[in-house]
Each structure stands twice: as C-alpha cells, then as structure tokens.
Amino acid sequence: MELELTKKEYQEFLNNIDNHLINLKMKMKIKNIDFSINCIDEVEKYFENINDMNSEDIKEFWAYFGEAIRHYVGGDYKLAPKSEDVALTPIIINYGYKEKWKIRQSPEVWRDKLVRKKLNTKLSENVKYLIEKYGV
C-alpha cells in the first residue's frame with residue numbers, strides 16, 4: 001500500500017506521533033518502546049511480519065523511524081514535495097550535529113525497501129551510520 005498525505009493529514013500525523021508510538025507499543029505487546037538499537041531491530045522484525053500494511057501501520061512505521069532518526073541526529077519534519085520519489089510523505093531535514101545533512105532522510109524509503117525485501121542492511125545499521133556521521 002502506498003500512502004500520500006494532504007497538508008491537513010500531514011499536520012494530523014505530526015500532532016499524533018506520540019499516539020502512533022503508543023499504538024505500536026500496544027500492537028507489539030512490549031513494555032517499553034525506545035530508540036535503542038535492540039528496540040529498532042525488534043520494530044523492524046515486527047514490520048517485516050506484516051504482509052499488507054494498512055495506513056495506520058504505515059504511519060506507525062513513519063513515526064517510529066522518523067523519531068529514531070531525530071533522537072540520534074536531530075532534524076525537522078517536512079512533507080516531501082510532489083517532485084520527490086517519496087512525494088507527500090514525511091521526511092527529515094536539517095539534521096546533524098557533527099556534520100550538517102546533505103540528503104533528506106525518508107522513513108518511507110526504508111519502509112518501501114523493507115516491504116519489497118530490498119534492504120541491504122538492517123535498519124539499525126542505517127541508524128548506526130547516521131549516528132556515526134551526524135550524531136553527537
């Protein structure tokens with residue numbers, strides 16, 4: 001399933017990030033949801049086992065991995081313009097502590113690769129790379 005957000009839906013997504021994380025925690029039946037590498041791996045496994053993600057699953061994925069990126073390297077959300085491959089989905093810009101960002105980060109790119117089984121590395125490895133290059 002592909003999901004594109006209107007400006008209103010995007011604002012609702014931003015306003016409900018905490019709720020998306022709580023819903024994900026309840027679905028996964030775990031005590032705590034955080035952005036540790038172990039939890040990132042658990043969340044990735046959870047989403048790998050969903051055959052057809054619905055819109056709520058997609059928003060939960062975006063919220064978790066968007067917040068994981070922001071947790072480690074900062075940044076701001078932006079709605080990707082129509083001209084991008086991830087048009088009308090949340091992206092992370094303005095991130096980086098050691099070095100400033102050069103390309104936007106997109107939870108949708110990660111989700112799409114996970115769904116299509118095209119990931120070259122675990123998502124936690126992507127996060128580790130971002131921490132190494134841009135983190136504190």
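1. Contact here means heavy atoms within 4.5 Å. By that criterion, the buried residues of α6 pack against α3, α4 (55-73) and α5 (107-115). Helices (H or I, at least four residues) and strands (E, at least two) are DSSP runs, numbered from the N terminus. Buried means under 20% relative accessible area, exposed over 50%, and partly exposed in between, with a 1.4 Å probe and protein chains only.

2. The model is predicted: local features need pLDDT of at least 70, side-chain atom pairs count only at pLDDT 80 or more, and totals for chains, interfaces and linings use all residues. Residues are numbered from 1 along each chain as its sequence is written, and side-chain values use heavy atoms, with hydrogens and water left out.

3. Helix α6 covers residues 123-134. Its buried residues are L123, S124, V127, L130 and Y134. They lie on the same side of α6, because they cover an arc of only 120° around the axis; the arc is that of the directions from the helix axis to the C-beta atoms.

4. D41 sits in helix α3 (residues 37-48). With 14% relative accessibility, D41 counts as buried. Leaving aside residues up to four places away in sequence, D41 touches K122 and S124. S124 is also one of the buried residues of α6.

5. A nonpolar core is a set of buried Ala, Val, Leu, Ile, Met, Phe, Trp, Tyr and Cys residues joined through side-chain atoms within 4.5 Å. The largest one has 37 residues, and V43, F47, F61, Y64, F65 and W110 have the most contacts inside it. At least two residues of this core come from each of α1 (7-15), α2 (17-28), α3, α4, β1 (76-79), α5 and α6. The most come from α4, which gives nine. V43 touches L24, M28, I33, Y64 and F65, again not counting residues up to four places away in sequence.

6. A salt bridge is a side-chain nitrogen of Lys or Arg within 4 Å of a carboxyl oxygen of Asp or Glu. The whole structure has twelve of them. E56 and K59 form one at 4.0 Å, N to O. They are three residues apart in helix α4, so about one helical turn separates them. E56 is partly exposed at 34%, whereas K59 is buried at 18%.

7. R70 and E67 are also paired, with their closest N and O atoms 3.0 Å apart. R70 is partly exposed at 28% relative accessibility, while E67 is buried at 17%.

Note on methods
The expected span of a helix is 1.5 Å times one less than its number of residues.
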